[in-house]
Each structure stands twice: as C-alpha cells, then as structure tokens.
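Dear colleague,

I am passing on to you the structure that we spoke about, and below it you will find what came out of going through it. Please keep the structure open beside the text as you read.

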Amino acid sequence: GHMEGPLDTPSRIQAALEIARNGFASSINLYREHVDKRTLALLATALETNTTVTAVNLASSATGDDGAKALCRALQRNGTVKTLDLGSNAIGDSGIAALASAMRSHPTLTSLDLGGNTFGSAGIKKLASVLSSPSSHLSSLDLCGIALGAEGAAHLAHALAGGGSLRSLSLGRCNLREHGAKYMHDILVASHPALQTLDL
C-alpha cells in the first residue's frame with residue numbers, strides 16, 4: 001500500500017481548519033506551525049460556532065498579540081474549549097488584556113498555558129483580576145518564564161487571596177529569586193488553601 005508521510009505544514013493547518021469547521025475531533029494541535037494572520041482568523045471564526053473541540057494547542061506558532069486578539073473573539077462565542085496552550089508566542093500586555101476579558105466569561109476554559117511569552121506586570125494584573133472573578137473556571141495556569149517581578153507577584157498573590165477556582169500554578173523560571181519564591185509560596189499557600197500544585 002501507499003505509505004503516508006508525516007503531514008506537511010499546509011495539510012496540518014488544513015486539517016486543523018477542517019476540525020474547527022466540521023467538528024469531527026476534539027483537539028486542534030498546531031504546535032510549532034507558523035500560523036499566519038489569515039489562517040488564524042479563519043480558525044478563530046470556525047471556533048466561534050464549534051461545539052466539539054475542547055483542546056487547542058497553538059504553542060510556538062508565532063501568533064503574537066494579533067493572534068491572541070483573534071482567538072479572544074472566538075472565545076467570547078465558543079462554549080466548549082477547556083484547554084488553551086499559547087506558550088512561547090511573543091504575546092505582550094495588549095494580547096493578554098484581550099485574553100483576560102475573553103476568559104472572564106468563558107464557561108469551560110479550565111487550563112491556560114501562557115509560559116514563555118513577553119508580557120509583564122500590566123498583563124499579570126489583568127490576568128490576576130480574572131483569577132479572583134467568581135465567573136472564572138480556570139483551574140490551571142502556566143506562567144513559566146514570565147518576568148513577573150515583585151509587582152506581578154503581588155498582583156497574583158492578592159488575586160488568589162480573593163478565592164477563585166485555581167488549583168495549579170506554574171511559575172518556574174520567573175526570576176522570583178529566593179526571597180521572591182519564598183514570599184510567593186508562603187502567601188499563596190496561606191491565602192489560597194485550594195491551591196494543590198505550585199511550581200516555582
């Protein structure tokens with residue numbers, strides 16, 4: 001028989017678009033694909049009405065702030081995505097601000113990976129406001145490699161003290177230094193007893 005080779009880039013992207021449009025699978029994986037603006041816009045539009053996809057992996061796909069904003073529009077209408085991986089995509093504070101507002105009202109998003117992006121304390125502040133929101137269902141957040149700084153750490157700690165649904169928080173490689181890491185650990189564990197996993 002004819003051996004199928006690994007999917008080349010256009011067909012991987014094509015397959016993702018087909019899934020988003022026709023709903024015959026539950027996950028979309030474009031990890032390390034270069035997804036251009038046009039493709040991302042098509043994907044986002046399809047996801048608005050998709051009811052089967054629960055996991056979207058766009059890590060290292062060069063989405064940037066524009067891509068994050070396009071996905072936000074999808075998230076505002078989509079009601080089934082549970083896991084979203086946007087790691088290492090050069091998403092800055094404006095992209096995170098848009099994501100935060102989309103997440104606030106998303107009924108099913110429980111896991112978000114934003115590790116290795118370029119946003120700073122302004123983005124963290126926006127995320128923090130979502131974490132303490134009673135309408136957020138987020139239980140797992142990965143911020144590995146984000147330059148939190150003392151200000152960002154304080155925003156997170158303050159947000160989690162307000163309760164919320166977060167159970168797992170990854171802050172590896174965040175340059176917290178020893179004092180910062182200990183402060184984060186003590187404050188988070190004391191203020192948010194529901195936190196089961198804290199990776200510093």
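**Confidence in the model**

Where pLDDT is low, the predicted coordinates should not be read in detail.

This is a predicted model, in which local features need pLDDT of at least 70 and side-chain atom pairs count only at pLDDT 80 or more, while totals for chains, interfaces and linings use all residues. Residues are numbered from 1 along each chain as its sequence is written, and side-chain values use heavy atoms, with hydrogens and water left out.

**Helices side by side**

Helices here are DSSP runs (H or I, at least four residues), numbered from the N terminus. Axes are lines fitted to C-alpha atoms over the stretch in contact, and angles run from 0 to 180 degrees between N-to-C directions.

The axes of helix α2 (residues 37–49) and helix α3 come within 8 Å and cross at roughly 10°, so α2 and α3 are roughly parallel to each other, a term for angles under 35 degrees. In this contact, Lys37, Leu40, Ala44, Leu47 and Glu48 of α2 meet residues of α3, among them Leu71, Ala74 and Arg77. By class, the contact of α2 with α3 has 6 nonpolar, 1 polar and 5 charged residues, where Ala, Val, Leu, Ile, Met, Phe, Trp, Tyr, Cys and Pro count as nonpolar, Asp, Glu, Lys and Arg as charged, and the others, Gly among them, as polar.

Helix α3 also packs with helix α4 (residues 93–104), at an angle of about 10° and with their axes 8 Å apart, which means that α3 is roughly parallel to α4.

**One cavity**

A search of the whole structure finds 1 cavity of 30 Å³ or more; on a 1 Å grid over the protein atoms alone, a cavity is a set of points where a 1.4 Å probe fits but cannot get out, and lining residues have an atom within 4 Å of a point. The largest cavity holds about 50 Å³ of space, a volume being the space filled by probe spheres set on the points, which are joined across faces, edges and corners. Its lining consists of Leu47, Val56, Leu71, Ala74, Leu75, Asn78, Val81 and Leu84, which divide into 7 nonpolar, 1 polar and no charged residues. Helix α3 (residues 64–77) gives the most to this lining, with 3 residues.

With best wishes

Conventions: 1 Å grid on protein atoms, 1.4 Å probe; cavity = no way out; pocket = protein on both sides within 12 Å on 5 of 7 lines; lining within 4 Å. Helix = DSSP H or I, 4+ residues; strand = E, 2+ residues; numbered from the N terminus. Parallel < 35°, antiparallel > 145°, perpendicular 65-115°, else oblique. Contact = heavy atoms within 4.5 Å.
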